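Please examine the sequence and the structure shown below. The paragraphs that follow lead through them step by step.

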Amino acid sequence: MKNEPLEALAAKIHAAGRVALLCHVSPDCDTLGSSLALAEAIRMAGKQAVVFSADKLTDKQMILCGAQEVVQYNPHDPGYDLGVLVDCSHPGRVGDSAQVLDKCEEVTYLDHHVPEESGEVMSGWRDVKASSAGEMMCALIHHMGVGFTSSIAANLYMAISTDTGHFSYSNTTAQTHRAAAELLEAGADSARLTEWLYRRTTVGYTRLLAQVLSTLELLHHNKVALLSCAYSWLEACGAQEGETEGMIDYARDIQGVEIAAILKEGPDGVVRVSLRSKRRVDVQKIAASYGGGGHVRAAGCTLKMPLDQAKEEMKHALCQALEM
Ligand SMILES: [Mn+2]
């Protein structure tokens with residue numbers, strides 16, 4: 001079956017000599033692993049590729065092959081023939097890396113998120129049914145005619161595993177497993193990567209988890225679960241930014257909970273909200289009403305207000321969403 005957006009993206013990459021790959025802010029292993037895999041494939045095709053992330057990687061993400069080559073925008077950077085947004089599709093999602101886009105002859109994207117309500121600002125390849133950018137990247141690299149090296153395989157395996165909750169969320173399809181099977185055959189070491197990603201914590205993380213779990217609030221007959229994290233707790237617990245990733249699952253997993261939220265205070269007083277739902281509520285819509293986005297079952301937004309006020313705002317919005 002012909003996939004025109006995929007072929008158009010592959011043709012743009014084929015025609016370019018220098019390609020910039022841009023990760024979204026608060027990068028996860030999907031945006032990073034997919035970008036690093038594509039960068040390697042582009043280099044194997046004899047061209048240049050650079051991966052940009054506005055935010056620093058966590059210690060855990062340093063297991064990604066080539067993680068140390070990820071750079072931040074540098075004003076002395078020469079230009080690029082092509083810029084590709086990976087795992088996002090709006091320049092507003094890449095933070096300071098957006099400055100790289102001004103130096104690109106052409107800009108496109110590869111994304112599996114629902115488009116922002118403000119509409120498309122460029123053309124690219126979107127597949128909202130794909131579990132992850134990593135799954136889409138498997139198809140793209142195939143199409144490029146580049147074989148999977150063990151490092152491409154490991155990076156894409158971590159990308160897919162991260163976005164599917166290690167193949168457990170409802171976005172996991174037969175195609176997801178087929179892609180994963182191929183990556184295992186190409187040398188991804190599932191046991192080692194899984195242990196590193198999910199079974200290896202730090203004392204700081206565990207202390208922070210205890211603190212965050214102590215904030216649990218249940219509302220609306222225990223259908224809404226809320227967690228929060230004050231910025232000062234990171235230092236107090238010896239945890240790193242980014243280590244709150246995944247803590248929302250403790251709220252989501254509670255039996256009877258339909259919507260879970262975690263509110264994370266940033267160093268700038270801005271509060272980042274992550275939302276999850278189980279069956280009924282479209283959290284992408286809630287996030288979009290605050291200028292955010294994501295998927296039906298997982299979304300996020302940013303609130304520019306103090307943490308306590310953001311909590312009250314969210315409690316109201318989540319209970320209201322349940323009544324609709
Ligand atoms: Mn993703």
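D30 and D163 are both buried in this predicted model. Because D30 belongs to helix 2 (residues 29–44) and D163 to helix 5 (residues 150–163), the pair ties together parts that are 133 residues apart in sequence.

The next topic is the division of the chain into domains. The domain assignment gives domain 1 (4–198) and domain 2 (203–323). Their C-alpha centres are 26 Å apart. Where the two meet, nine residues of domain 1 are in contact with ten residues of domain 2. Between them the domains bury about 840 Å², of which 43% is on carbon and sulfur atoms. On the domain 1 side, T58, V114 and Y169 lose the most area to domain 2, together accounting for 40% of what that side buries. What kinds of pairing connect the two domains? Five residue pairs are in polar contact between domain 1 and domain 2, both residues being at pLDDT 80 or more, whereas the count of salt bridges between the domains is zero.

Charged pairs deserve a separate look. Side chains of opposite charge can pair when their charged atoms come close. For this structure, the count comes to seven salt bridges. One of the pairs is D111 with R126, whose closest N and O atoms are 3.3 Å apart. This pair links distant parts of the chain, since D111 lies in strand 4 (residues 104–111) and R126 in strand 5 (residues 125–126), 15 residues apart. D111 is buried, with a relative accessible area of 2%, a value that lies under the 20% limit for that class.

Another salt bridge joins E7 and K2, with the closest N and O atoms 2.9 Å apart. K2, by contrast, is exposed because its relative accessible area is 61%, and the exposed class begins over 50%.

A further salt bridge is formed by R252 and D253, the closest N and O atoms being 3.4 Å apart. R252 counts as partly exposed, at 24% relative accessibility.

Conventions
Residues are numbered from 1 along each chain as its sequence is written. This is a predicted model: local features need pLDDT of at least 70, side-chain atom pairs count only at pLDDT 80 or more; totals for chains, interfaces and linings use all residues. Side-chain values use heavy atoms; hydrogens and water are left out. A salt bridge is a side-chain nitrogen of Lys or Arg within 4 Å of a carboxyl oxygen of Asp or Glu. Buried means under 20% relative accessible area, exposed over 50%, partly exposed in between (1.4 Å probe, protein chains only). Helices (H or I, at least four residues) and strands (E, at least two) are DSSP runs, numbered from the N terminus. Domain bounds come from an automatic or database domain assignment. Contact means heavy atoms within 4.5 Å. Buried area is the accessible area (1.4 Å probe) that two parts lose on being put together, summed over both. A polar contact is a pair of N or O atoms within 3.5 Å; within protein, one must be able to donate a hydrogen and the other to accept it, and residues adjacent in sequence count only if both atoms are side-chain atoms.
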